[in-house]
Structures are given as C-alpha cells and as structure tokens.
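Student: Could we go through how the helices pack here, and then the aromatic rings?
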Amino acid sequence: MLGRVPLIREFDLLALSICINIWLARLLFQKEMPWGNMDSIRQHGWLGTDGYAISWVGWMSPPSRLLAIGAGMGLLSGGVAMGFREYLAPLAAQGMVSESAAFVAPLIFCWGFSAVMLTMLNFGQATIQKAPVTHCMAIMGAWGYLQSGSLVVAMVFGIGGAFIEELTARMFYNHGSNHLDPPAAGIALSTFVMNILFKPEFLNLGGFFNF
C-alpha cells in the first residue's frame, strides 16, 4: 500500500514499515507520539542529548567521531562496491547475472558486514563493546559510488549516512520509551534522499557527481 503513495514510495519501504510499526506501538502502549516522551524533550530539548547521556550510541555521537567513522565506512563500502561492480558488470552484460543482482549485491554487502559488527556491540564489554553501528553509512557509501563511480562521493555520502543515522536517533529514539532502530530510520530517510538526488524523474544528479 505504501508503494502506491507518491513520494512515500521513494523511502525504503521495509525500513519505513518497521518505523511505522514501532510508532504505532509507542502510541498504543506508551501513549507517546513518534518523537517520544514529552517530559524528556522539555528537559533536554528534542535534539538534545544531555551531554550524550541519553544518546543511542553515546560514544559514537560526537560530530568528530561521526565524521571519521562515516568517512571510513563510506570509503570501505564504496571500495567494495567498486570491486563487485567490476566483477559483476561484465557478467550482467553477458546475461549471466541479472542487472538487479549486479546492482544490489555491491549495495548491500557492507550493510551485511555492519550487521555482523553488532555482535561486538551485543556481547562485548568495556571498550570492546564500542563497536560502530554503520548500516546507514554502508548503504549510502555504496549507493554513492554506484551512482557516481567516485570513491570521493562514496566517502561524502558515508559521512552523510552517519549524520542522518544520528539525526533519526535524536528525533525518534533518545526520548522514546520503546526501541526504535536508528539504522532502519536512517536507511528509510537516506533512501528517500538518494532517490530524489539520482532518479531521472527528480534531480537526476548521477552525471553531476561523476568525477
């Protein structure tokens, strides 16, 4: 149903549906709006973090760390996408793999790697537990490369993914009484941004970024 709604269908619909279900649960069972507990918002500010004390992944939230981690994951994801594309593009041209597979495999490989990294976050202790959560950065870095052919663009979009992920955490997670997955919210929003930037019916900026 969401896929039939103009503009809404430009979001990642699976990620968006996860967010909608959590918002509904928050409303029905916690009596809160999507942005969370109003007392916490009044005390700390909607996008405030109380010195990162109420942050989703507080050690990662300072802008300098988001910048470094986003740049690193953007480059890694873009580099992996470059390798995949160089291998899969000739196979797709020969009809040995589908065009969609040749695009999706490099797009999601580092997203899967980001999921594996969560084992350190869930089972680690002390400094070992400080594993970056990089789903949104990985998707945007790979997508940026696939649309532009540039690792510089991959790095820039990886940084963008880091800040979008943090923004959605501050908007919907930090003040909430139930869990809303910031990577899912970040991927939903970043997919919308990427579609608006690159789809021919919108800004169609793929050629502009190709340097």
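Tutor: To begin with a term, a crossing is left-handed if the near helix is turned anticlockwise from the far one by less than a right angle, and right-handed if clockwise. Helices here are DSSP runs (H or I, at least four residues), numbered from the N terminus. This is a predicted model, in which local features need pLDDT of at least 70, side-chain atom pairs count only at pLDDT 80 or more, and totals for chains, interfaces and linings use all residues. Residues are numbered from 1 along each chain as its sequence is written, and side-chain values use heavy atoms, without hydrogens and water.

Student: Which hand has the crossing of helix 3 and helix 6?
Tutor: Helix 3 passes helix 6 in a right-handed crossing.

Student: Which residues in helix 3 and helix 6 meet?
Tutor: Among them are G70, G74 and G78 in helix 3, and A154, G158 and A162 in helix 6; contact means heavy atoms within 4.5 Å.

Student: Turning to the rings, how many aromatic pairs are there?
Tutor: The structure holds four aromatic pairs. Rings of Phe, Tyr and Trp (its six-membered ring) pair if their centres lie within 6.5 Å; planes under 30 degrees apart count as stacked, over 60 as edge-to-face and the rest as tilted.

Student: What is the geometry of F11 and F192?
Tutor: F11 and F192 are stacked, at 4.5 Å centre to centre with 20 degrees between the planes. F11 belongs to the segment before helix 1 (13–29) and F192 to helix 7 (residues 182–198), 181 residues apart.

Student: And why is the pair of F84 and F109 tilted?
Tutor: Their ring centres are 5.2 Å apart and the planes stand at 45 degrees, so the pair is tilted.

Conventions: Helices (H or I, at least four residues) and strands (E, at least two) are DSSP runs, numbered from the N terminus.
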